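Let's take a friendly walk through a protein chain together. Please have the sequence and the coordinates open as you read.

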Amino acid sequence: MAQKCASPLARAAEFEAELIRPADDPSIELHTQAAVPKLAEAPGVLAVITHPYGSLGGDMMNPVVHGLALKCVQQGFVTVKLDFRGAGRSDGTGTWRGRGEQEDVKAAVAHYSAHKVFQGQAPKLLFIGYSFGSVIAGSLLSLYEPRLLGYVAVAYPFSVVWFLTMFRTAEVQAPLAAAGVPMLFLHGTKDNFSSGATVEAALARLAPKRKTLFFVDGADHFFARRHHKAALLNQAEEFLEKVTADNVSFSAASKPREQ
């Protein structure tokens, strides 16, 4: 099912459904939606957006996920959303430790990197994750760092990563400290799971090399209010424009942290 996009640039592409299979279990069919810009000048960038915890209803049709995807389409990126195994319309069962979901992202990167629009060249990558999706996307930064332009984490659930990955916290967060790519952390001041102080302490401990932390005043974990979601998407858009223009050169000082 295709979903029409609103902006003039976004209208050059539609989200189209496609089934892919992860390498660790080819019996699983993963549902994805991808928008491939038809404009010749579209940059060679693949953006992958990952969703909240499937067991709690998260999937690629989440309005925050879809809003982030549209921002990527507006930049001219090949943009991919996917339902993790066991979530949304995908087959299989969600994994307790996140390993299967990591394989799902790898499958999406491999499949769409081979798209004809890239003309045989490996595209640059952008990883954007919301809640549990930010944990999974962030855990793969080191694997793809040579190709990564940046990483956006929306409502990274620092306080409950131990539960979402069954005590793999140190393992899945190590790439946040090791990777040198630009990172944007977007968080509500009234987040239901991780307080602002918790986020600040976690980032101080992990010490990402090139991070920006932006608090959306009054927003909870779900960004349900229209102005909270708009503020979130505006910050994400500025980041995407910056990292694309600079081609991996991003100054955290260029965007002040707000609280």
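Below are notes on a strand, a helix, some salt bridges and a surface patch.

This is a predicted model, in which local features need pLDDT of at least 70 and side-chain atom pairs count only at pLDDT 80 or more, while totals for chains, interfaces and linings use all residues. Residues are numbered from 1 along each chain as its sequence is written, and side-chain values use heavy atoms, with hydrogens and water left out.

**Strand 2**

Let's begin with strand 2, residues 30-35, where six of six residues are buried. Here, buried means under 20% relative accessible area, exposed over 50%, and partly exposed in between (1.4 Å probe, protein chains only). Helices (H or I, at least four residues) and strands (E, at least two) are DSSP runs, numbered from the N terminus. In a regular strand the side chains alternate between the two faces of the sheet. In strand 2 both faces are covered, with Leu30, Thr32 and Ala34 buried on one side and His31, Gln33 and Ala35 buried on the other.

Strand 2 also has pairing partners, where pairing requires that DSSP finds at least two bridges between two strands. With strand 1 (residues 15-20) the pairing is antiparallel over six bridges, and Glu16 stands opposite Ala34. With strand 4 (residues 78-82) strand 2 is again antiparallel, over four bridges; there, Thr32 has Leu82 as its bridge partner.

**Helix 1**

Helix 1 covers residues 63-74, and its 12 residues reach 16 Å from first C-alpha to last, close to the 16 Å expected at 1.5 Å a residue. That expected span is 1.5 Å times one less than the number of residues. Nine of the 12 residues are buried, so helix 1 is largely enclosed by the rest of the structure. Among them are Val64, Val65, Leu68, Cys72 and Val73, along with Lys71.

What caps the N-terminal end of helix 1? The cap is Asn62, with a side-chain oxygen 2.8 Å from the backbone nitrogen of Val64. After the helix comes Gly76, whose phi is positive, near 90°.

**Salt bridges**

A salt bridge here is a side-chain nitrogen of Lys or Arg within 4 Å of a carboxyl oxygen of Asp or Glu. By this rule the count comes to seven salt bridges, including these:

| Glu237 | Lys71 | 3.3 Å |

Glu237 forms its salt bridge with Lys71. Glu237 sits in helix 8 (residues 226-246) and Lys71 in helix 1, so the pair ties together parts that are 166 residues apart in sequence. Lys71 is buried, with a relative accessible area of 14%.

Asp104 is buried at 0% relative accessible area, and Arg85 is buried at 5%.

Glu171 is partly exposed, at 42%, and so is Arg99, at 40%.

**A surface patch**

Finally, turn to the surface, where Trp96, Trp162, Phe163 and Phe167 form a nonpolar patch with about 510 Å² of accessible area together. Patches are made of residues with over 30% relative accessible area and no salt bridge, like charges being joined within 9 Å and nonpolar side chains (Val, Leu, Ile, Met, Phe, Trp, Tyr) within 5 Å. Accessible areas come from the Shrake-Rupley method with a 1.4 Å probe, and for residues only the protein chains shown count as cover. Phe167 lies in the loop between helix 5 (161-164) and helix 6 (169-178) and is exposed, with a relative accessible area of 62%.

Definitions and conventions: Polar contact = N/O pair within 3.5 Å; in protein donor to acceptor, adjacent residues only side chain to side chain.
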